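Open the structure in a viewer and keep the sequence beside it. The tour below goes from one stop to the next, with something to select at each.

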Amino acid sequence: MLDAHLVTNCPKTCFYIPNFISKEEEEQLIQNVYNSPKPKWTSLKNRRLQNWGGLPSLKGMVQEEIPAWLNTQCRKIFDLGVFEDKMPNHILINEYLAGQGIMPHEDGPMYYPTVSTISLGSHTFLDFYKPISEGESAESTLESRYMFSILLEPRSLVVLRDDMYKVYLHGIKETNQDLIVSKKIINFNKLGQNYEESDILMRQTRISLTIRHVPKVLKVNLSSLLFKNKK
Ligand SMILES: O=C(O)CCC(=O)C(=O)O
């Protein structure tokens, strides 16, 4: 089912599905994100986030229940076979105001090496960079390592695995607007809408649901914890 959405002009492997969710689902999800209890938010310098399912760490994640409004999307992603036979168990929600972004990074070893992302409210450009290679000076500019971008439309799903997950870095530039240059956008022929060369897209507030599988899960036995505390 995913195969029909393969993006072919990039290293392995990227799938892009425009309009993965409906406008009604998008509105409902945005409402649920903003109705979440205030302490659920963590504020960083250039974005806010919510963790659902637990806090991943190298020692393992203490699993927390995922609410029904997120579980519906996890189930759809499971049914697509995104994580083979594994059910997603972690959702990171990022909120970016126009002009906010995320530095180029790798997602690291705590996750099963596949990531799926639903975008809500606004488009963005997810930019890809070559890692600094051996012998290359640490000062090599990001610009010289830039490879291409994926245009993430609101309501779309993107799935990254293999080298697109493990080798290349991804990030979102801190900008208010994006210029359409079709040769830089690897999913240009898969987009849900038509864009003209040199169109300028203005960014609005975007929420991303980054849905993953954390293999190392710690099952906490609550009764033994209570017993320990009483001793
Ligand atoms: O918001 C996005 O689409 C990207 C998020 C991301 O790269 C991350 O959470 O590691």
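The lining of the largest cavity divides by class into three nonpolar, three polar and two charged residues. To see this lining, select Y96, L97, A98, Q100, T124, R203, Q204 and R206. The model is a predicted one, and the space between these residues comes to a volume of about 40 Å³ for the largest cavity. How many cavities of 30 Å³ or more does a search of the whole structure find? The search finds one. As background, rolling a probe the size of a water molecule over the atoms shows where empty space is left.

Keep Y96 and R206 selected, as both line the largest cavity and both are also among the residues that surround the ligand. By class, the shell holds four nonpolar, five polar and three charged residues.

Next, show the side chains of N94, D107 and S208 together with the ligand. Start at S208, where a polar side-chain atom is 2.7 Å from an oxygen atom of the ligand. Move to D107, which has a polar side-chain atom 3.2 Å from a ligand oxygen atom. At N94, an N or O atom of the side chain lies 3.3 Å from an oxygen atom of the ligand. How much of the ligand's accessible area does the protein cover? On its own the ligand has 300 Å² of accessible area, and the protein covers 94% of that.

In which pocket does the ligand sit? The ligand sits in the largest pocket. Colour strand 5 (90-96), strand 6 (102-105), strand 11 (169-172) and strand 14 (206-212), the elements that each give two or more residues to the shell around the ligand.

The largest pocket itself has a volume of about 370 Å³. It is lined by 26 residues, and those closest to its centre are L92, H105, D107, T210 and R212. The lining is made up of 13 nonpolar, eight polar and five charged residues.

Move on to the second largest pocket, with about 280 Å³ of space. Select D127, Y146, S149, K173 and K184, the closest to its centre of the 15 residues that line this pocket. Strand 8 (124-129), strand 9 (146-152) and strand 12 (177-179) each give two or more residues to its lining. By class, this lining has six nonpolar, three polar and six charged residues.

The last stops concern the backbone. Most residues other than glycine have a negative phi, and most peptide bonds are trans. Select K12 and T13: the peptide bond that joins them is cis, with omega about -10°. T13 is in the segment before strand 1 (14-17).

Then go to E84, in the loop between helix 2 (68-79) and strand 5. The phi of E84 is positive, near 50°, in a residue other than glycine. End at S198, found in the loop between strand 12 and strand 13 (200-202). What is the phi of S198 near? Its phi is near 70°, a positive value in a residue other than glycine.

Technical notes:
Residues are numbered from 1 along each chain as its sequence is written. This is a predicted model: local features need pLDDT of at least 70, side-chain atom pairs count only at pLDDT 80 or more; totals for chains, interfaces and linings use all residues. Side-chain values use heavy atoms; hydrogens and water are left out. A residue is near a molecule or strand if one of its heavy atoms lies within 4 Å of it. A polar contact is a pair of N or O atoms within 3.5 Å; within protein, one must be able to donate a hydrogen and the other to accept it, and residues adjacent in sequence count only if both atoms are side-chain atoms. Accessible areas come from the Shrake-Rupley method with a 1.4 Å probe; for residues, only the protein chains shown count as cover. On a 1 Å grid over the protein atoms alone, a cavity is a set of points where a 1.4 Å probe fits but cannot get out, and a pocket is an open set with protein on both sides within 12 Å along at least five of seven lines; lining residues have an atom within 4 Å of a point. A molecule sits in a cavity or pocket if more than half of its atoms lie within 2 Å of its grid points. Helices (H or I, at least four residues) and strands (E, at least two) are DSSP runs, numbered from the N terminus. Ala, Val, Leu, Ile, Met, Phe, Trp, Tyr, Cys and Pro count as nonpolar, Asp, Glu, Lys and Arg as charged, and the others, Gly among them, as polar. Grid points are joined across faces, edges and corners, and a volume is the space filled by probe spheres set on the points.
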